[in-house]
Amino acid sequence: MKAKKIFATLMAATMAATVLAGCGGSSGSSAGSSASAPASQETASGEADTSIDMEGEPYTVNFCYLVAQEGADQQKVNEAVNELTMRELNMKVNMIPMTFGTYSNQIQLMLSSGEDLDIFPAFAANMADYITSQYIVDLNDYEPYLTGVMDVMGEEDYYAGTVAGFLTGFPRMQERGYPAGLVVRKDIFDELGYKIEDFAGIRPDNWDDYQKVTDLFAAVHEAYPDMVVLDGTVSLGTSTYAWTDVLSDTFGVLENYGQTTTVTNWFETDQFYQLAKLHRTWFENGYESADIATNTDSGEIKMKAGNCFSFLLYYKPNTAAEKLSQTGYEVEVIELSDACKMTTGVASAVFSIANASKDKVKAAQFLNWAYTNGEFNDLINWGVEGLDWVEDENGNACYPEGVTAATCGYHNDYGWIYPNQFAGHAWVGNDADIWDQYKVYNDSMMTSKAYGFQLDTTPVATEIAQLNTVWSQYQKDVCFGILDPDTAIKEMNDAMYAAGLQTVIDEKQKQLDEWLAAQN
Amino acid sequence: MKQEKKKKLTPAQYKQFIPLYIMMIPGLLYLLVNNYIPMTGIVVAFKKYNVNDGIYGSPWNGFKNFEYLLTSNDAFTIIRNTFLYNVAFIIVNNIVGIILAIMICDVAHKSLKKLYQSSILLPFLVSIVVTSYIVFAFLSHENGMFNAFLTSHGQEKIFWYNTPKYWPFILILVNCWKGVGYGTLIYIATVSGIDGTFYEAAALDGANKWQQITNITLPFLIPSVITLLLMSIGRIFYSDFGLFYQIPQNSGTLFPVTNTIDTYVYRALISSGGIGRSSAAGVFQSVVGFTLVCFSNWIVSRISPDNAIF
């Protein structure tokens with residue numbers, strides 16, 4: 001009798017759990033049979049014909065890309081893309097749009113289960129895993145089909161995605177450096193009598209310069225005591241790309257914008273200390289939001305909400321125009337560091353060809369085309385011309401008559417994560433020659449001495465996993481100045497060394513030395 | 001009754017159950033396909049997985065996938081946190097759940113009873129992210145209700161998200177608020193299933209309300225309690241990721257008291273993960289959970305054999 005009752009309870013509970021749990025949970029082994037490694041056309045031998053096959057049965061390319069949100073006009077964009085590719089390539093495209101929210105889970109599932117996928121954006125942090133798991137193919141094998149990419153990118157950047165001789169994918173056309181900047185609201189900035197020229201040349205070789213920023217914060221805090229002076233999710237100390245060549249993960253870096261070849265622990269440098277100290281001052285004086293270390297809303301969101309004076313970011317040539325459209329406020333950008341081109345920044349995300357591709361040659365041809373065709377880049381970024389955007393008198397893209405951001409059926413403004421935004425239109429508000437400005441900017445910046453080197457993280461994967469947890473524990477509290485840098489930095493470094501920081505630094509130095517030797 | 005149980009059934013008697021067995025087939029098939037066949041995928045935790053060779057063909061990797069989890073300096077902290085929080089959750093949620101169930105069953109007004117029952121269950125259906133913002137509304141350093149209350153009474157603000165000592169209580173409280181409705185539902189079902197004549201008889205004998213509860217309701221509840229207990233013990237090395245990640249707003253200072261196996265794995269594998277290492281964590285949790293279930297069932301069967309599940 002009792003046993004029966006228990007059984008009944010058990011069943012009831014299980015059923016309830018099943019119903020309530022729905023489709024969540026159980027992320028266990030998702031990989032089904034992945035034995036179907038499709039026999040692709042082998043790499044072209046010697047003088048292979050690289051021309052596009054316009055006659056045969058059209059191949060369908062599965063193209064995964066990131067979007068800001070699901071657009072109502074997605075279907076129309078798909079049709080327009082297919083029409084374009086059928087005309088130019090004799091290929092069909094199965095568009096797989098993903099938002100950042102779903103991307104990491106979904107792409108992991110698609111890759112590990114060998115689902116149909118030809119081209120997708122891949123992030124550098126996963127590369128070691130993608131290579132060992134054989135999710136992606138070495139693009140060196142398809143070089144004859146990728147001459148367009150080479151033309152667009154230049155030889156130096158073309159190979160930036162190389163990990164231990166394996167070309168993982170191609171960077172996107174965008175800014176090549178990530179200097180730190182402070183975005184401030186222009187109305188208040190002007191009202192208090194400041195000029196952007198007063199803030200020129202603030203660089204980490206003279207820490208006294210940063211006092212100007214602190215003084216600015218103090219003035220704003222006094223004039224608007226209820227306003228949060230600095231907010232957002234970015235701190236100077238976490239803006240690691242702005243100060244060093246981070247060699248993929250900041251655990252062992254090349255200091256001084258990568259102008260050295262000795263790998264050191266950045267968290268022990270005076271630079272890191274000074275940056276933390278600055279934030280400590282801002283925090284203790286109440287310039288930073290008291291909730292800044294737990295806040296997950298970006299500075300743009302905070303500024304748009306109307307009670308935030310400034311936030312930190314990596315700036316680029318058109319930051320002011322971009323932030324105007326994102327926050328609704330005119331802004332000035334105070335530059336706080338120089339720009340440096342490093343592998344980790346350039347190849348942070350690349351377009352790769354998945355091993356699951358049924359015809360890798362056709363995929364390569366498509367990828368090549370995607371880097372050279374402006375119409376395609378406009379389509380995936382701004383949608384269908386005439387419906388979601390039109391060209392204005394300056395040659396920029398803008399909303400058609402009667403369409404607003406709220407009613408537009410497809411609008412991403414994600415040019416930085418698409419193959420080649422430079423080939424397409426810039427959004428209204430940008431200078432007509434914006435893409436030329438980008439090119440000048442990219443050519444003018446420093447280049448790290450290790451540019452082109454990418455760490456193979458496989459030998460130190462365990463240490464890096466453990467270091468990630470230490471860094472995530474301390475980064476916000478130390479870098480936002482919640483904790484006293486005089487004691488907290490030491491504590492963090494101890495924890496890092498205990499997690500194997502020295503091993504990672506040594507491995508980086510070893511791989512870097514080998515790479516440098518191979519360069520000469 | 002015991003004797004009746006031991007008596008063998010004749011084939012003819014078996015026959016009458018055949019429809020029942022047929023009805024069971026779809027369920028069993030589902031269990032087999034969904035729960036048992038995938039279990040063989042467990043080997044991936046011991047493999048250096050690559051997609052071309054597949055799960056079974058990939059080269060073996062020994063215990064390498066487990067290294068990052070078990071050799072870490074935090075290994076002790078995360079295992080301790082996961083274990084102790086779950087013990088606390090089990091105890092608190094069961095006690096509160098039973099109390100609520102008994103109280104709700106005594107509500108005479110039918111529609112009020114339904115109202116209470118639903119409102120206790122409601123938090124269970126609220127997304128953990130929403131919950132985290134509800135908690136944030138109380139605890140925010142800048143605009144939180146608690147800090148507003150403290151400052152208006154001339155007290156110093158408390159930096160909740162940087163003070164680890166409060167968090168064990170906050171988490172247990174939040175988890176109870178959120179999860180208790182589910183257990184309560186099952187207890188209500190049991191309590192309302194108790195034959196009313198027991199209470200009538202007890203009342204005639206002069207038993208007061210408290211005596212009725214301790215002598216009738218609780219003994220009837222014990223089988224359900226044990227079932228639920230064993231089920232939660234099986235998951236004692238799993239933690240509710242949302243609870244430990246979202247509710248403390250991922251605040252670093254709180255890690256010593258909020259870091260559990262699941263949040264640790266998430267943070268460690270946020271870059272360069274790999275299917276092998278994430279499975280390793282799952283295997284570790286399941287194996288320990290399974291062992292604990294067998295162990296606790298063995299204890300239960302020692303104390304009161306009738307209540308053991310198997």
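Which domains does the domain assignment give for chain A? In this predicted model, chain A is split into domain 1 (56–174 + 344–455) and domain 2 (178–338 + 457–520), with bounds taken from an automatic or database domain assignment. The centres of domain 1 and domain 2 of chain A, taken over C-alpha atoms, sit 28 Å apart.

As for how the two meet, 22 residues of domain 1 of chain A are in contact with 27 residues of domain 2 of chain A, contact being heavy atoms within 4.5 Å. Together the two domains of chain A bury about 2,200 Å², with 63% of it on carbon and sulfur atoms; buried area is the accessible area (1.4 Å probe) that two parts lose on being put together, summed over both. Between domain 1 and domain 2 of chain A there are 0 salt bridges (a side-chain nitrogen of Lys or Arg within 4 Å of a carboxyl oxygen of Asp or Glu).

Now for confidence. The mean pLDDT of chain A comes to 87, and 91% of its residues reach 70 or more; pLDDT is the predictor's confidence in each residue, from 0 to 100. Residues 10–47 of chain A, though, have pLDDT below 50. Where pLDDT is low, the predicted coordinates should not be read in detail.

A word on conventions: residues are numbered from 1 along each chain as its sequence is written, and chains are lettered from A in the order in which they are written. Local features need pLDDT of at least 70, side-chain atom pairs count only at pLDDT 80 or more, totals for chains, interfaces and linings use all residues, and side-chain values use heavy atoms, leaving out hydrogens and water.
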